Amino acid sequence: MSSADRESCPRCGEPIPPTTTVCPFCKESLLVDVVLAAPVDDERIRYQLARAIASLGPAAPAFSTAQKALADPLPVLVRRISRLEARRFVESLAGLGLAGMVEPAGTVAPQKASATRQMALGAALAVAVIAAVLLLATGHGAPHPREAAQPSSASARARTIPWSTPSPPLSLTDLSALAAPSTVEIRCGDRRSTGFFAARDAVLAPFVATVGCSSLKVIASGDRTLDGLVTMQDSRLGLALIGVAGSGAEPLPLGDAAAVHSGDRVVILSVPGIGGETVHEARLGIAAGLFHGVAYLPIEGDVRPDAAGSPVLDGQGYVVGVMVPPEETGGEPFFLPINYTYDESHLLERPVPAPDLERWKAFLAEVTLAEKLRVEPAQTPGPTPSPESSPSIQ
């Protein structure tokens, strides 16, 4: 190796290869950490950045690790790697619009960024979201036949949500790590049900789980018992919104049920105290159902009857629906599309940027038409009379 390929040891100054982890001269560790200057406060941007960072190669952290690190006061993205790995990782971060810093392993201390640096970081984050979307959208095949044509490059750069830029699905482990802290148990006397944080300090839960209770107990992550109070309800949808002041829980990001298709993988979260298993996979069924004027999407898989209130996630970790009690849908497993809560009701605010409203309206029209054709018997025409047997007109 030539001297040009060597770097000086920060301790003794001797020239050594950048892949060296312990200086052969002074015997000091040369491992380093890669950090950012400040945390990412917006959970939606944090989610997108974590997805992009996790795809950067061998030195990159897992999605769940990156997402947690980005929320820390001084995010340490990678710990104890060689200087060469750190240099390559920082170059990859630059491609996402992020300025990574290399510090000796274990010596990172919080730093107060200047106002100018904070402004620069905000601009970098905006660029990072754009880059993350473009990175995740690269090389994942043609769009589904039901999807609209690919948007122009200008409009694609402005979007940051999975229903406009498909990305690789998360593993079951990552989905569980993402959603489990926001999934809760609702207690009303002896009744137990599952719910989840769908907005800041607000839990979405089955309406039947709250009937007759002036106050509720919400068992959150870490076995914390919080007080809950019903703030809104929609009896048509069978849902209630429970206010939980000071919970500190991150709400699950809301998705678009009209963007998933038959056969797509979905993941259902439930509370350990209710059904034992906390997360399991299923598939979206074929025929949507219309019950009492509300469209529901079918689940194919082993779904427990007590899963009502559980969030249904798509492959990217966005909530596409809420499981409903089987007695409401004829005993079969169905879930209520999450779009009802923000497009047909005032329970939740629409995601920003919002899903395609026209696609949602088209979905509702398709379900209504299919139900009408199923219920109304087809009119079978009688035999067409032959010219010989047709009565003549006098």
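Asp314 is buried yet takes part in no salt bridge: Arg265, the nearest side chain of opposite charge, is 8.1 Å away. A salt bridge would need a side-chain nitrogen of Lys or Arg within 4 Å of a carboxyl oxygen of Asp or Glu. Please keep in mind as you look around that this is a predicted model.

Where does Asp314 lie? You will find Asp314 in the loop between β16 (311-313) and β17 (319-323). Which backbone nitrogens does the side chain of Asp314 reach? The table lists them with their distances.

| Side chain | Backbone nitrogen reached | Distance |
|---|---|---|
| Asp314 | Gln316 | 3.0 Å |
| Asp314 | Gly317 | 3.1 Å |

Leaving aside residues up to four places away in sequence, Asp314 touches Leu175, Val260, Arg265 and Val320. Arg265 therefore counts as a contact of Asp314, since contact means heavy atoms within 4.5 Å, while the opposite charges of the two side chains form no salt bridge.

Now let us turn to another part of the model. Here three strands make up an open sheet with antiparallel pairing, and their order is β4-β3-β5. The edges are formed by β4 (76-81) and β5 (101-104), each of which pairs on one side only. On average, neighbouring strands of this sheet are turned by 25° against each other, direction ignored.

How many bridges join β3 and β5? Strand β3, residues 32-35, pairs with β5 in the antiparallel sense over four bridges. To see this pairing at the level of residues, look for Val34, which stands opposite Val102 in β5.

Technical notes
Residues numbered from 1 in each chain as written. Predicted model: local features only at pLDDT ≥ 70, side-chain atom pairs only at ≥ 80, totals over all residues. Heavy atoms only, no water. Pairing = 2+ DSSP bridges. Helix = DSSP H or I, 4+ residues; strand = E, 2+ residues; numbered from the N terminus. Axes fitted to C-alpha atoms, helices over the stretch in contact; angles between N-to-C directions. Buried < 20%, exposed > 50% of the residue type's maximum accessible area, 1.4 Å probe, protein only. Lys, Arg positive; Asp, Glu negative; His and termini not counted. Polar contact = N/O pair within 3.5 Å; in protein donor to acceptor, adjacent residues only side chain to side chain.
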